[in-house]
Amino acid sequence: MFGRLMNLEGDLFDEFRRMQEELETAFGPRAWPAGIRSAVRGTFPPVNVGATPQGVDVYCFAPGLDPAKLDIAIQQNLLTVAGERPVEMPEGVEYFRQERFSGPFKRVIALPEDLDPEKVEARYTDGVLHVAIQRRATTQPRRIEIK
Amino acid sequence: MSETKSETGAVTTSQSTQPRATAEAMNTLRPRVNIFEDAEGITLEADMPGVSKDRLQVQVDKDTLLVEGDVQLALPEAMEAVYADVRATRYSRSFALSGELDVDHIDASLKDGVLRLRIPKREEVRPRKIEIRAG
């Protein structure tokens, strides 16, 4: 699904197209402009957001967490995911690489206004937190039957 | 010691000569790792969120350790991507191992998207405490 945002062909022009897309993502007009609270790329946890006619799906790539200690809240169209990732650092060992994020984190994701904060479902599978928020019934597209 | 952990393989090689390989590397995620060593062996921890046990591959080919995994998310139908920090669905990273490591006894576990590999050192290279007898 998110594959549409990346190039699958190997030629140079696709490479440029990808760069252009990246630039557009950063500065250009998109479905949602960059939120005032949006984080720099590389912030933990990385987030993907998808939209369907029924709702919005947020995926937080946050491995190695205790889901019971996650703090997920929706307030005024802002989804906040906060927690702490304890990465054990054994003593008396020699470190060669230390790339994994460790410590407290918080991400705020701006949501469209037609979502129902009462209809939220969160699931933590294989280190990915999936928060599904439904749109308000009145804003969902309705099929009108012709009699 | 540190040169034994230098990386090889798909992610770091083939920069400009093979455009397809480059594109492949671009569409591959590099899992973030912690690597540390104690007297008995080396521990490697890799963040691979979205990878389940049956979609994870850990291989040793000669001296190269290859860690790969496919991301699988529960995506609803007709979903449009609005924003994506993660733009690939495959993790891949390789490491060059050194001869004193016992590749036949690597222990791997995966929990909540974190892969933990324990690579023991060969029995004969482990430090041995030499007892001094009173005499």
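Which residue in E8(A) is the bridge partner of Tyr59(A)?

Tutor: The bridge partner of Tyr59(A) in E8(A) is His130(A). Keep in mind that this is a predicted model.

Start with the two strands. Strand E2 of chain A covers residues 55-61, and strand E8 of chain A covers residues 128-135. They pair in the antiparallel sense, over seven bridges. In general, strands of a sheet pair through backbone hydrogen bonds, either parallel or antiparallel.

Now widen the view to the sheet. Five strands form it, in the order E7(A)-E8(A)-E2(A)-E1(A)-E6(B). The sheet is open, and its pairing is antiparallel. In that order, E2(A) stands between E8(A) and E1(A). Two strands form the edges: strand E7 (115-125) of chain A and strand E6 (80-84) of chain B. Each of these pairs on one side only. Direction ignored, neighbouring strands of the sheet are turned by 20° against each other on average.

Stay with E2 of chain A for one more residue. Val56(A) lies in this strand. Its relative accessible area is 0%, under the 20% cut-off, so Val56(A) is buried. Val56(A) and Leu115(A) are 59 residues apart in sequence, yet their C-alpha atoms are 8.0 Å apart in space.

Next, the rings. Over all chains, the structure holds four aromatic pairs. One of them joins Phe44(A) and Phe105(A). The pair is edge-to-face, with 5.2 Å centre to centre and 75° between the planes. It links distant parts of the chain, 61 residues apart. Phe44(A) sits in the loop between helix H1 (12-27) and strand E1 (47-51) of chain A, while Phe105(A) is in strand E6 (residues 103-110) of chain A. Why do both count as buried? Phe44(A) has 12% relative accessibility, and Phe105(A) has 6%. Buried means under 20%, so both qualify. A second aromatic pair is formed by Tyr95(A) and Phe36(B). This one is tilted: 5.0 Å centre to centre, 55° between the planes. It crosses between chains, from strand E5 (residues 94-98) of chain A to strand E2 (residues 33-37) of chain B. Tyr95(A) is partly exposed at 23% relative accessibility, whereas Phe36(B) is buried at 3%. Back in chain A, ring pairs also link Phe44(A), Phe101(A) and Phe105(A) into a cluster.

Other residues reach across the chains too. Take Glu99(A), in the loop between E5 and E6 of chain A. Its relative accessible area is 23%, so Glu99(A) is partly exposed. Leaving out residues up to four places away in sequence, Glu99(A) touches Pro31(B), Arg32(B), Val33(B), Asn34(B) and Arg93(B). Two of its links are polar. The side chain of Glu99(A) reaches the backbone nitrogen of Val33(B) at 2.8 Å. A polar contact of 2.8 Å also joins the side chains of Glu99(A) and Arg93(B). Compare this with Val128(A): it is 29 residues from Glu99(A) in sequence, and the C-alpha atoms are 19 Å apart in space.

Then look from the chain B side. Asp47(B) is in strand E3 (residues 41-47) of chain B. A relative accessible area of 8% means that Asp47(B) is buried. Its side chain makes a polar contact with the side chain of Arg85(A), at 2.6 Å. Another polar contact, of 2.8 Å, joins the side chains of Asp47(B) and Arg100(A). Beyond four places in sequence, Asp47(B) touches residues of chain A, among them Pro63(A), and residues of chain B, including Pro31(B), Arg32(B) and Tyr91(B).

Finally, chain B as a whole. It has one helix and nine strands. Of its 135 residues, 44% are buried. Among contacts between residues at least 6 apart in sequence, 56% join residues at least 24 apart. Chain B exposes about 7800 Å², and carbon and sulfur atoms supply 48% of that area.

Key
Residues are numbered from 1 along each chain as its sequence is written. Chains are lettered from A and ligands numbered from 1 in the order in which they are written. This is a predicted model: local features need pLDDT of at least 70, side-chain atom pairs count only at pLDDT 80 or more; totals for chains, interfaces and linings use all residues. Side-chain values use heavy atoms; hydrogens and water are left out. Helices (H or I, at least four residues) and strands (E, at least two) are DSSP runs, numbered from the N terminus. Buried means under 20% relative accessible area, exposed over 50%, partly exposed in between (1.4 Å probe, protein chains only). Contact means heavy atoms within 4.5 Å. Accessible areas come from the Shrake-Rupley method with a 1.4 Å probe; for residues, only the protein chains shown count as cover. Rings of Phe, Tyr and Trp (its six-membered ring) pair if their centres lie within 6.5 Å; planes under 30 degrees apart count as stacked, over 60 as edge-to-face and the rest as tilted. Two strands pair if DSSP finds at least two bridges between them. Axes are lines fitted to C-alpha atoms, for helices over the stretch in contact, and angles run from 0 to 180 degrees between N-to-C directions. A polar contact is a pair of N or O atoms within 3.5 Å; within protein, one must be able to donate a hydrogen and the other to accept it, and residues adjacent in sequence count only if both atoms are side-chain atoms.
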